[in-house]
Every structure is written in C-alpha cells, then in structure tokens.
2 protein chains.
Amino acid sequence: MVGKVSERREALRQTLVEVAESMVAHEGLSALRARDVAKEAGCALGAIYLHFPDMDALAAAVNARTLQRLEGEVAEAFEAAQARDNPKRALATLGTTYAQFVWENPKLWSAIFELGFRQGEAAEPPQSPEHFRLLAAIVAPLRALLPDGDPAVIEAHARALFSAVHGIVSLSQQRRFMAVERDQVAGEISFIVNAFCDGVSASK
Amino acid sequence: MVGKVSERREALRQTLVEVAESMVAHEGLSALRARDVAKEAGCALGAIYLHFPDMDALAAAVNARTLQRLEGEVAEAFEAAQARDNPKRALATLGTTYAQFVWENPKLWSAIFELGFRQGEAAEPPQSPEHFRLLAAIVAPLRALLPDGDPAVIEAHARALFSAVHGIVSLSQQRRFMAVERDQVAGEISFIVNAFCDGVSASK
DNA sequence: ACCAGATATTGAACGACGTTCATATTTATA
DNA sequence: TATAAATATGAACGTCGTTCAATATCTGGT
C-alpha cells in the first residue's frame, strides 16, 4: 500500500524511538510505558517487541541518540572555542557546554544513568564516532600542554578531567550529596579546569 | 507478651530496614520486593505500610544508612591522614577512601543514585552530622592552603573537589561514558587533587 | 478477671505494568 | 487469483506495589 515492507518496518522503528524520546524528555524514563508508546505510535502493543527485545532496549535506543547529541554538541562547541594559544579556555568550554546540555535536557540526560544503574556495569566501552570525537577534542589541548607526554597517560587525564566535570554537574543537577550550588557550578568548573591544566603543565 | 507495643513496633522497623539493606546489598535496589521483605522479616505484607508510606521510603531508609556509613568512613580516614603540613596528601585520601567504599559496596552505593534519579531533584540538602563532618574534613586543609579565603568560596571549592572525585569514581564504577580505567582511578584522583590544591594555592 | 472499645495486624483483592503467543491479517509468489 | 509465508494484533498471564475490610490483640475501667 504505502510502501515496501522493509521501509514501513524501518519507519515504525523510527517512530517508536521518536515517541519514546519525547516521553522520556517530557516525563522521565519512569513514564515510558509500553501501552502509551504503542498508542502514540499507532501500532499494537505487541508490535514493539518485533523491533526491540524489551522496553529497556527501546530506552537504550533513546539514550544512544541523547549521548550522540551530547557528545556532538560538546565536541562542536569545544572545537569552536579552540584558541590555539589558550588550551585552558578551550577546556573550560567543555564544562560549561556539558552543564548547559544537562540543564536543557535534564530528563533525557538522567535516563542515560538511570538505565545504566538498572543494567549494572556496561560490558563494552562506547565506540560511537561522536565519542571518539569528544575524546579527541579533549586530548588535543592536553597534548599542547604536555607535548612529550605518553598518549595513554594523556588519554587517562582527558577521561579524568571529563569525569570530574561530570561529577560537579551531575551532583549539582540532582541537588544531592555534596552538590555544588547551581549558580556556582560554572565558576567551580572553570576553577577545576584551570587548576587541572596547571597541574598538567607542572608535571611535564 | 514479648514486650511493650512500642518496643515491638520499633524492633520491626529496624528489622525491615536490615532485611531491605541486605537485599539491596546483595541483589541491588531493583530486587527489593515488598513480599520478599515481609517474608524475610516475618511480618504480613501490609505491615510494611504501617512503618513506611511506600517502598521508596524503605529504600530511602537504607540509603540514609549507607550515606552515613560512607560519610563517616571517608571523614574518619580523612582525619586520620591529616598530616598538618601535608594537606595534599590528606585530600588525596579522600578520593581513595571514597573509591574503596564504592568498590566494597557497589550495590548499596548505586541504590543511592538509582533512587535519587527516580525521585527527581532533592527538596532539601543533606543535614546529617556525618555530612557536616565530611564537609568540615575537606574544608580544613583547604583553609590551610587559602588562609585568607572567603569561607563560602572555600566551601564551594570543597564541594567541587568532592564532586570531581565522585565523578571519576562514579563513571569508572559504571564503566560508562568517559570512564577512567579501573586501575588508573587512584592515580587520576591523586593527580586531580594535587592539581586542585596547586590551583587553590595559586589563586591566593 | 471480665469485657467492651480502641488499636494493631493481616492477607486477599485491585490495578498497572512488561511480556507472550494463538490468532488474524497482510504480503509475496506461482 | 490461490496459496504459503511473513507480519501484526491484543487478550491473557504473571508479577509488581498498594489498599482496606476483616480479624486479632491490647488496654483500662469495673
């Protein structure tokens, strides 16, 4: 009728992910219900399971999209801010862009970790192009600060720096534990990034 | 029969929390089932709701215990490592002790954030004695590094430093996103703590 | 010691959920 | 068009958290 079978199959898969993404973005991961998704996507309840083994897999598809957007946006802003002679400033952009993304997409971002906790440890590290792009964007200015550094060490530092920024943003957004006040986040991120850079330079 | 009513009431409440804690510690928060708790605690299903408004409240009681233990242990190791003339070393102990607690109690620790995500933003900041003790333990060496610093700024730095360590440990334990490899965590925590301290000193 | 009235406890029943699978429908092939 | 294969359906199932009418227990006045 409307097209080839494989096309309609793929179209429904896309629709399911988009519907699910909208629900997670507006109501949170816990509001992602199979019956609601089916109704909104205009298919039968069981049809979801022709495209995804279970609801967690659908949620994972939503999370993969979010992660790609996040990594893409951060890497982009990061690269745009690359002043060749100012790696500190470039790295500070990492933090503020990450924080901004989290504030603009709090429930999509939460869903990534909510599902992660539910599924325990990840079996394999992320391997998307966006992920490598983001990692490379952090490694580049670190290499400028530490020209003779072991690449493996520099990558470990890059991961640690990103994780540190993630920790500040994460606890602040949840307002739990040892959270930094919201209006102090940007300042503290700059502070820690600058100190980190100075530490990198000094260890050379 | 066995004692006054109020005593038995309180005893059952304790039993419920202990049973729930054991379940979360061994099987994770998602394995905390009302019927299992009731059976294990030797009470009726409905009896749980005489002590807690819902299962999330029982989980929250477990989490409060975990958080107290965590904050207590970290603060203790932290204070024990206080070499008056070596605030860097003292602060590095913060990170390693936190990481060790997470590795020894992965599911109890996960439950704190799993429930947190489920319940959205916290309404009020934590106020337990252990929390203030931990905060004070971090503030003290920072004040040594920054004797004339504004107390509010120092507290913000303390929260940011803890959050940064939390981010490194958290992503590493989940093995997700930009996780630091497990055997590099201690080194990266030391690195970031040292750089942070140098940054604090330099900003004076 | 007895017995109401108050209080505490029980567990069957309810509704919502993810998931399954016998059935119905649509599509591809001859 | 006839027939087999592939695809979609949604009622039904089992498992949750939660409720509440029914039951058991306790308490204080006689």
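**Exercise 1. In which loop of chain A is A:Gly46 found? Then decide whether A:Gly46 is buried, partly exposed or exposed.**

Solution. This is a predicted model.

Step 1. Find the loop. A:Gly46 sits in the loop between α2 and α3 (48-51) of chain A.

Step 2. Take the accessibility. The relative accessibility of A:Gly46 is 47%. Buried means under 20%, and exposed means over 50%. A:Gly46 therefore counts as partly exposed.

Step 3. A:Gly46 and A:Arg35 are 11 residues apart along the chain. Their C-alpha atoms are separated by 9.3 Å.

Step 4. Turn to the other chain. A polar backbone atom of B:Gly46 is 3.3 Å from a base nitrogen of DNA strand C.

**Exercise 2. Describe the protein surface around DNA strand C.**

Solution. 

Step 1. List the neighbours. There are 16 residues around DNA strand C. Those that come nearest are A:Arg33, A:Arg35, A:Leu45, A:Tyr49 and A:Met55.

Step 2. Sort the surface by class. It has 10 nonpolar residues, one polar residue and five charged residues.

Step 3. Look at the DNA side. Take the atoms of DNA strand C within 4 Å of the protein: 57% belong to sugar or phosphate, and the rest to bases.

Step 4. Pick out polar contacts. A:Arg35 places a polar side-chain atom 2.7 Å from a base oxygen of DNA strand C.

Step 5. Name the elements. Those giving two or more residues to the surface near DNA strand C are α1 (5-27) and α2 (34-41) of chain A.

**Exercise 3. Carry out the analysis for DNA strand D.**

Solution. 

Step 1. List the neighbours. Around DNA strand D there are 17 residues. Here B:Ala34, B:Arg35, B:Leu45, B:Tyr49 and B:Met55 come nearest.

Step 2. Sort by class. The surface near DNA strand D divides into 11 nonpolar, one polar and five charged residues.

Step 3. Look at the DNA side. Of the atoms of DNA strand D within 4 Å of the protein, sugar or phosphate accounts for 57% and bases for the rest.

Step 4. Pick out polar contacts. A polar side-chain atom of B:Arg35 is 2.7 Å from a base oxygen of DNA strand D. B:Tyr49 has a polar side-chain atom 2.9 Å from a phosphate oxygen. Chain A takes part too: a backbone N or O atom of A:Ala44 lies 3.0 Å from a phosphate oxygen of DNA strand D.

Step 5. Name the elements. In chain B, α1 and α2 (34-41) give two or more residues to the surface near DNA strand D.

**Exercise 4. Which feature does UniProt place at residues 10-70 of chain A?**

Solution. 

Step 1. Read the record. An unreviewed UniProt entry gives "domain: HTH tetR-type" for this span.

Step 2. Describe the span. Residues 10-70 of chain A are 75% helix and 0% strand. The end C-alpha atoms lie 24 Å apart.

Methods. Residues numbered from 1 in each chain as written. Chains lettered and ligands numbered in written order. Predicted model: local features only at pLDDT ≥ 70, side-chain atom pairs only at ≥ 80, totals over all residues. Heavy atoms only, no water. Near = heavy atom within 4 Å. Polar contact = N/O pair within 3.5 Å; in protein donor to acceptor, adjacent residues only side chain to side chain. Helix = DSSP H or I, 4+ residues; strand = E, 2+ residues; numbered from the N terminus. Nonpolar A, V, L, I, M, F, W, Y, C, P; charged D, E, K, R; others polar. UniProt positions renumbered as here; feature names shortened; annotations may be inferred. Buried < 20%, exposed > 50% of the residue type's maximum accessible area, 1.4 Å probe, protein only.
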